[in-house]
Structures are given as C-alpha cells and as structure tokens.
Amino acid sequence: MIRSVSVALMVLMALQITAQTVVIKKIHLGGDKITVTYDLEDGDPNHFYRIQLFASKDNFAFPLNLVSGDVGLDIKPGVNKKIDWEIFKEYGQYTGKLALEVRGKVFVPVARLNNSSLKSSYKRGKILPLQWAPGSNTPVHLELFNGTEKVASELNVPNNGHFSLMVPANARPGKNYRIKITSSRSADEFVYTRFFAVKRKVPLVLKAIPVLAVGGVLMLLIPDNDTDPPPSNTVKDPPTLPSG
C-alpha cells in the first residue's frame, strides 16, 4: 500500500566543534520508507560521528529507532550519506506534516575494535584473546553474547587494549556470538565485535567412536551359539550305582 505524508525538513546539527557542517540534499518517500540524503563535511577525514534522526511527532525528544544506513556510531565524513527510516512501521498509519531533524556530534568510541584479530570460531573452555584501541582511560565491561543472551562477563577491566576472555565450557555451540565492550562510566558508550562461532571441544562424531569400539569388543567376547561351548572344569556327579 502506498501512503502519503507531507514532510517539512528542518536541519539542526549539534556538533562539538564548529568547523563541521551537514547539508541535507534530498528527502524522498518511497513505499514505506523515507530516505534522507545528506553531506557531512569535515576538514579532518579521521573524525567519526554519532548521527541520529529525530522527528517532530514527539517534539524531537527521542531518536528514531527503525533507521538504517549512515546513522548511528562510527559515521565518517563524506557526501551522499543516506538514512532510511521505516516510518509506517514505527508510527503506524501516519498522515500529515512531519519535520525531521538530524543531530550529530564527533564520536570518540570507548574502544575501536581490531576485528581482524578475531578468528571465525572458538572452542568451549578455551581462551579468546581480544584486542582493541582504547578511546579513553575509563575501565570497560566485557560481555560475551549469544544472540541477545549474555553468556559471560568481566567487569571493570583496564582499558589497555587487550584481554583474554574465557569461553564458558557450557556455552551452547552456535554462530551468533559476539563481544560487547561498554564504558564503565556510561552504558550508552559501547561497541560490538563482529560475529563468530563457538564449537565443542571434541566433535560429536569423535565422541561416538569409543562407544562403538567398546561395543565391538563386547561383541567379540560373546560366543557364537553354533560353536561348541568352552570346556568346563566343573566335575559332574558320579553315575548311580546299580542296587544289589
């Protein structure tokens, strides 16, 4: 279903320093999405930004949730940046005028992860060496997640760029694991590693082999019914003497 909405654009960037500018070039409603195209200009290409999109429906009180693209953390300066917002999933049957506001600030993450140091999989009960570039001296919390379930955590770890995290021996095998690093000062300052797998220490096939071997030995010890029974050392009762 094609819905229509009248959008009035308002731009407001809350930057920490004044040398940066943002220019929203275009806003487009296509199907169930609104796409905002903007340029983020900065003389220092090494800066990173936290970009958020707000709307006038709640008087710009809270950032919109169903957004994707060049929004969130670690957004670098550049042209033709795009934010896609699923307006009707977030607001339902919405019609009328709507003002959008883009806010951003220079973002210094609590840690910048070295994902290349991560392997694609780790075994249960083994050490997972983690490396990152510290963004501050604030201690961090390290949390191991399987999907949305927290599996293990280490609190108030020194933010020195490395830590050896133990994968619990009872962790369920799966491919949806990642580590979250959070500033101990603010729960809003966090980063995630890429996803990796956790595997069993010994594959199930290898675990089954000793069972089969034992079964084979037992089968060899079972005598064949078609062969003569082994000799017995038991002395039979003597025959009965005739009466006389």
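Residues are numbered from 1 along each chain as its sequence is written, and side-chain values use heavy atoms, with hydrogens and water left out. Because the model is predicted, local features need pLDDT of at least 70 and side-chain atom pairs count only at pLDDT 80 or more, while totals for chains, interfaces and linings use all residues.

Let us start with the chain as a whole. The protein chain holds two helices and 17 strands, taken as DSSP runs numbered from the N terminus (helices are H or I with at least four residues, strands are E with at least two). Of its 244 residues, 33% are buried; here buried means under 20% relative accessible area, exposed means over 50%, and partly exposed is what lies in between, with a 1.4 Å probe and protein chains only. The accessible surface amounts to about 15600 Å², and carbon and sulfur atoms contribute 55% of that area (Shrake-Rupley method, 1.4 Å probe; for residues, only the protein chains shown count as cover). Among contacts with a separation of 6 or more, 64% are between residues 24 or more positions apart, a contact being heavy atoms within 4.5 Å.

Strand S8 (residues 97-106) is a mostly covered element, with seven of its ten residues buried. Its antiparallel partner is S4, to which seven bridges join it; two strands pair if DSSP finds at least two bridges between them. Within this pairing, Gln52 has Arg103 of S8 as its bridge partner. As a general point, side chains in a regular strand alternate between the two faces of the sheet.

Most residues other than glycine have a negative phi. Asn59, in the loop between strand S4 (49-55) and strand S5 (67-69), instead has a positive phi near 60 degrees. Phe60 lies in that loop too and has a positive phi of about 60 degrees, although it is not a glycine.

Asp39 is buried, with a relative accessible area of 11%, and its side chain reaches the backbone nitrogen of Asn80 at 2.7 Å. Such a polar contact is a pair of N or O atoms within 3.5 Å; within protein, one must be able to donate a hydrogen and the other to accept it, and residues adjacent in sequence count only if both atoms are side-chain atoms.

Turning to the rings, the structure holds four aromatic pairs. In Trp85 and Tyr91 the ring centres are 5.3 Å apart and the planes stand at 90 degrees, so this pair is edge-to-face. Both of these residues, Trp85 and Tyr91, are buried. Tyr177 and Phe196 form a stacked pair, 6.5 Å centre to centre with 25 degrees between the planes. Tyr177 belongs to strand S15 (residues 174-183) and Phe196 to strand S17 (residues 196-199), so the pair ties together parts that are 19 residues apart in sequence. Tyr177 is buried at 0% relative accessibility, and Phe196 is buried at 2%. Ring pairs also link Tyr122, Tyr177 and Phe196 into a cluster. Rings of Phe, Tyr and Trp (its six-membered ring) pair if their centres lie within 6.5 Å, with planes under 30 degrees apart counted as stacked, over 60 as edge-to-face and the rest as tilted.
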